[in-house]
Amino acid sequence: MLANGAREIGELIRRGERSFSFEFFPPKDEAGEEQLWKAISELEPYRPTFVSVTYGAGGTSRDTTLRVTGRIARETSMLPMGHLTCVGHTREELESILDEFVEEGVHNVLALRGDPAEGPRAEWTPTEGGFTHACELVALARDHGGFSIGVAAFPGGHPGAESMERDLEVLLEKQRCGAEFAITDMVFRAVDYFELVEKASAIGVDIPIVPGIMPILNLGQVARMAELSGREIPADVRERIEVHRDDPAALRAEGIAMAAELCAQLLDGGAPGLHFYTLNRSKATREIFAALRITV
Ligand code: FAD
């Protein structure tokens, strides 16, 4: 519990109960808004540990992220976390966004650097008067007070990092700056997640690292998302899906089965929980939960 009485995600995960969480993105129009709230209401009965709302690429969704997280805090039983990135913001702006999160009743934040507006592969240039690395935002939120702070982690290392080892040092630095937990980019194979956790632990990272899950229901879409952030779907995973290339129903069923298998391996191997990238739809997550025999 934070000094202001708010529930703290860091503490909830540390307590050792498995954490289940769902990630949403800020809707762009009325139809998207409807789809989001439908997904939220369908997933609420699963009593997730928390739900999170991303911050638009290029720093574009300030108002929607604040509004949606605020509404989740006020109108649902779920604990919201707002993502926040350094893109396009000065230090003062970031401070005032943190104030606005507090006004909305949001006390959990995922502190990220973000990617350049031109896309994740473009060269990162900090905003004048802003921050260069996520660690600085973590420290700002810590010094602001009243927040439980999470950060990003990357199986195999962040694509822009010199090496995986260097990126693990960055994760350790984010822990030192005040991060209490980390959530990973999409995990495709349990072995990649456990490699990350083992190597991080060996250099002193002791915050919980929650694996991010995105079932492959559309190979092209997931491959594009992975590619955008400089990654590839591993060949063995791709092969299992590609056999069903001409049968969308079979492909979807295989994608769900593989995600459920992965979740079971992650939990059996000691992952502290699972963070689902829902893309604002609930069906796939509910199907994975059914396969894992997790019921409402
Ligand atoms: P950092 O930790 O700053 O790392 C970025 C790069 O800089 C890495 O290569 C790192 O190794 C290097 N680095 C960091 N510190 C140093 C240092 N001191 N010296 C040298 N090198 C350093 N993006 C969005 O726009 N909105 C979102 O809502 C969003 N949510 C996300 C949620 C999760 C769970 C994940 C995994 C990613 C998310 N992203 C989001 C994407 C993220 O913003 C990008 O992957 C971004 O490129 C890296 O952000 P970071 O916070 O890890 O940055």
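This report looks at the aromatic pairs and nonpolar cores of a predicted model.

Residues are numbered from 1 along each chain as its sequence is written. In this predicted model, local features need pLDDT of at least 70 and side-chain atom pairs count only at pLDDT 80 or more, while totals for chains, interfaces and linings use all residues; side-chain values use heavy atoms, leaving out hydrogens and water.

Let's start with the rings. The structure holds seven aromatic pairs. Rings of Phe, Tyr and Trp (its six-membered ring) pair if their centres lie within 6.5 Å; planes under 30 degrees apart count as stacked, over 60 as edge-to-face and the rest as tilted. Here are two of the pairs:

| Pair | Centre to centre | Angle between planes | Type |
|---|---|---|---|
| Tyr-46 and Phe-289 | 5.1 Å | 85 degrees | edge-to-face |
| Tyr-193 and Phe-194 | 5.1 Å | 70 degrees | edge-to-face |

Tyr-46 is buried, with a relative accessible area of 18%, and Phe-289 is buried at 2%. Tyr-193 and Phe-194 are buried as well. Buried means under 20% relative accessible area, exposed over 50%, partly exposed in between (1.4 Å probe, protein chains only). Ring pairs also join Tyr-46 and Phe-289 with Phe-20, Phe-22 and Phe-276 into a cluster.

Now to the cores. A nonpolar core is a set of buried Ala, Val, Leu, Ile, Met, Phe, Trp, Tyr and Cys residues joined through side-chain atoms within 4.5 Å. The largest has 68 residues, and Leu-84, Ile-209, Leu-266 and Phe-276 have the most contacts inside it. A second, separate core of 27 residues includes Leu-79, Leu-112, Phe-188 and Tyr-277.
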